[in-house]
Amino acid sequence: MRGKWSLVVFAMAIMAFAVAGCSSGEEKKAEEAPAKKLVLGVAGAHSGDLASYGLPTVNAAKLVAADINAKGGVLGMQVEVFAQDDQCKPEMATNAATKLVSDDVKIVLGHICSGATKAALEIYKDAKVVCMSPSATNPPLTQSGNYPNFFRTIASDDAQAILEVKFAKKLGLKNVAVIHDKGDYGKGFAEFCKQFVEADADMNVALFEGVTPGAVDYSAVVQKIKNSGADGVIFGGYHPEASKIVTSMRKKGLDIPFLSDDGVKDDTFIKVAGEYAEGVYATGPRDISANKLYSVALEEHKKEFGSEPGAFFYQAYAAALALLNAVEKAGSTDYDKVVEALRTQYVETPLGKIKFDKRGDAEGVGFSVYQVKNGQYVELAN
Amino acid sequence: MNSRGQAAACPLIVYGNRIGTLMEYFLELFFGGLTRGSIYALIALGYTMVYGIIELINFAHGEIYMIGAFTGLIVAGVLGALGFPGFAILVLAVIVAVIYSAAYGFTIEKIAYKPLRGAPRLSPLISAIGMSIFLQNYVMLAQTSDFLPFPSLIPEFKIPGLTGIITSSEVVIVAVTVVVCVALTLFIKYGKLGKAMRATAQNRKMAQLVGISVNTVISATFVIGSSLAAVGGVLIASHIGQINYYIGFIAGIKAFTAAVLGGIGSIPGAMLGALILGLTEAFATGYVSSDYEDVFAFALLVLILIFRPAGIMGKQPTQKV
């Protein structure tokens, strides 16, 4: 009995401390407010095997912040970039999101992978944090209507799948094998492709299969594609699996067209698959090199980092501009006002002049089909 | 009559063709599974040998395989730049990878396991997991986290009658594995060190009493196991054409499964287990769906362990009193 009582007293003591902790936290916040600092959270894969997708976003955020700070900042506040690594892993994304929320960040650029973004969004939603991804293309993120705080500067997977299937039809494919990597992104894309192929009277799904990422080899699934009589392959997933499958297909003498998504439209794919990459089609964001801000962003990146920008750099640059512009137009970091500004105010970005629809997708942003020719992705005319 | 005869013959030909393609498909899957099984076997042998001698599951073994592949890549890069022919590069890359990985295996045992030899069984196990994480991150930081292209070192040649069914690299992988397995079996059975290993596995204290240097035997076990993994690493990297720091993890898990399936501690068991696992995965993919590849593999493991808890060829443990 005595033990129980002491436990109750102990619990009460802890609660008292917790309450004290909360109130002192609020005081601290009030003190910090005049520091005139606007923190832009940047979350994504900054290490691990998908780091090449996430790091360019950090660079983009830094460049945009430096530009805006040189012009006097947003509403007189200096913009500070605060990066959090999630390695594209959902469990690490929630950690990153919690960290950003607990540091009172109001706008977040990220995350990079769809699975990680989905995991983090619940936390942002509860904390009323606006989150904008340069690369998470999983359709339900916007279409489900569950995340009014989510925006993206890239078109969703079904936009990509529609184009992919249309292109497959143009190539004259009738019997398509649809393969995916069982991930949120790859499987989502593959299911849309399957749906659109089945909807087409002239086309037929020969095979629909998922492969295990990281398996020792994919020869069995390649044999199955071969045996299914498919005249083309659509793959949903990322470049490590794509390069293994293409290499294995070509080595087995299976020379049918290989079409994939923007997870494969990465130079690492060409580097790894080498000669076998030649002729592979991949959809990716439309060529935007004619836009004025595009060349500005490119020059800045070259000057600052001495190299060509990586994947999703321009989408990230656009997202950073859109977020900071919305805060400026809203006059504060108030959640409702910022969301309203994102939906109504146009902003000039490297992707063109954009605003967001009510679901959070950027208007006027789209995809093109690319093909590997002489070791480089070349955009094909639509 | 004539036309009827033709009509009757037609379905027969179609049927014959169908059997032909079915047979071809079966063979393709079979050879694919055989290749996979061979790689699993090369890694599984290391697990099972170490377990047989010191009853430790060496979780860093998958990383030895990965280090072997990386060493192979570096050697291949250097020799390729010097203009060596393909086959010579393969042989040299395998030799250097074997030496390098063997050195790693030897060192890991001395650093991470030997000081814990008298400790409770859980301690060296944790030490092994730590070693695995350390090696992965070491390679990631020292090399890169990106995937790297691995040159195909195994020359292309046609196999008469089986073109399109089995590729030259699959033939080489299976052949090398068979040679290695036979050599290892002979060595364990007739070699002096092999006999010492068997003695140590049976009873370490007794082996010590009859004058076997147990430390040497344990080191030799790690060296041999690591060498086999390195051979597997170079061959499979050359076969699939890419590596990164993480390849050892899944390969290691699968090889460990194979070792348990065959009966951990038993050398022929590991070979058999790896073969069964590779073939099961290939046929599950081919005839059911690759979505369920792992489901079939692990369901088989569960089934076998229900009926034979020590694995297919494992000795049923005798209670020591």
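Tutor: A salt bridge here is a side-chain nitrogen of Lys or Arg within 4 Å of a carboxyl oxygen of Asp or Glu. The model is a predicted one, in which local features need pLDDT of at least 70 and side-chain atom pairs count only at pLDDT 80 or more, while totals for chains, interfaces and linings use all residues. Residues are numbered from 1 along each chain as its sequence is written, chains are lettered from A and ligands numbered from 1 in the order in which they are written, and side-chain values use heavy atoms, with hydrogens and water left out.

Within chain A, domain 1 takes in 37-156 and 289-366, and domain 2 takes in 158-285 and 368-379, bounds that come from an automatic or database domain assignment. The C-alpha centres of these two domains of chain A are 29 Å apart. Where they meet, 17 residues of domain 1 of chain A are in contact with 15 residues of domain 2 of chain A, contact being heavy atoms within 4.5 Å. The area buried between the two domains of chain A is about 1,200 Å², with carbon and sulfur atoms giving 49% of that figure; buried area is the accessible area (1.4 Å probe) that two parts lose on being put together, summed over both. No salt bridge joins domain 1 of chain A to domain 2 of chain A, the count being zero.

Turning to the boundary between the chains, 31 residues of chain A are in contact with 37 residues of chain B. Chain A and chain B bury about 2,900 Å² between them, of which 49% comes from carbon and sulfur atoms. On the chain A side, A:Val216, A:Asp217 and A:Lys251 lose the most area to chain B, and together they account for 22% of what that side buries. Three salt bridges are counted between chain A and chain B; one of the salt bridges pairs B:Glu170 with A:Lys252, with the closest N and O atoms 2.9 Å apart. There are also 12 residue pairs in polar contact between chain A and chain B, again with both residues at pLDDT 80 or more. The elements of chain A that give two or more residues to the side touching chain B are strand S7 (204-210), helix H8 (219-227), helix H9 (239-251) and helix H10 (267-273), and the largest share of that side, seven residues, comes from H8(A).

Helices (H or I, at least four residues) and strands (E, at least two) are DSSP runs, numbered from the N terminus. Helix H1 of chain B, residues 2-54, contains B:Ser38. Leaving aside its neighbours within four places in sequence, B:Ser38 is in contact with B:Ile173, B:Val174 and B:Thr177. A polar atom of the B:Ser38 side chain lies 2.7 Å from the backbone oxygen of B:Leu34, within the polar-contact limit (a pair of N or O atoms within 3.5 Å; within protein, one must be able to donate a hydrogen and the other to accept it, and residues adjacent in sequence count only if both atoms are side-chain atoms).
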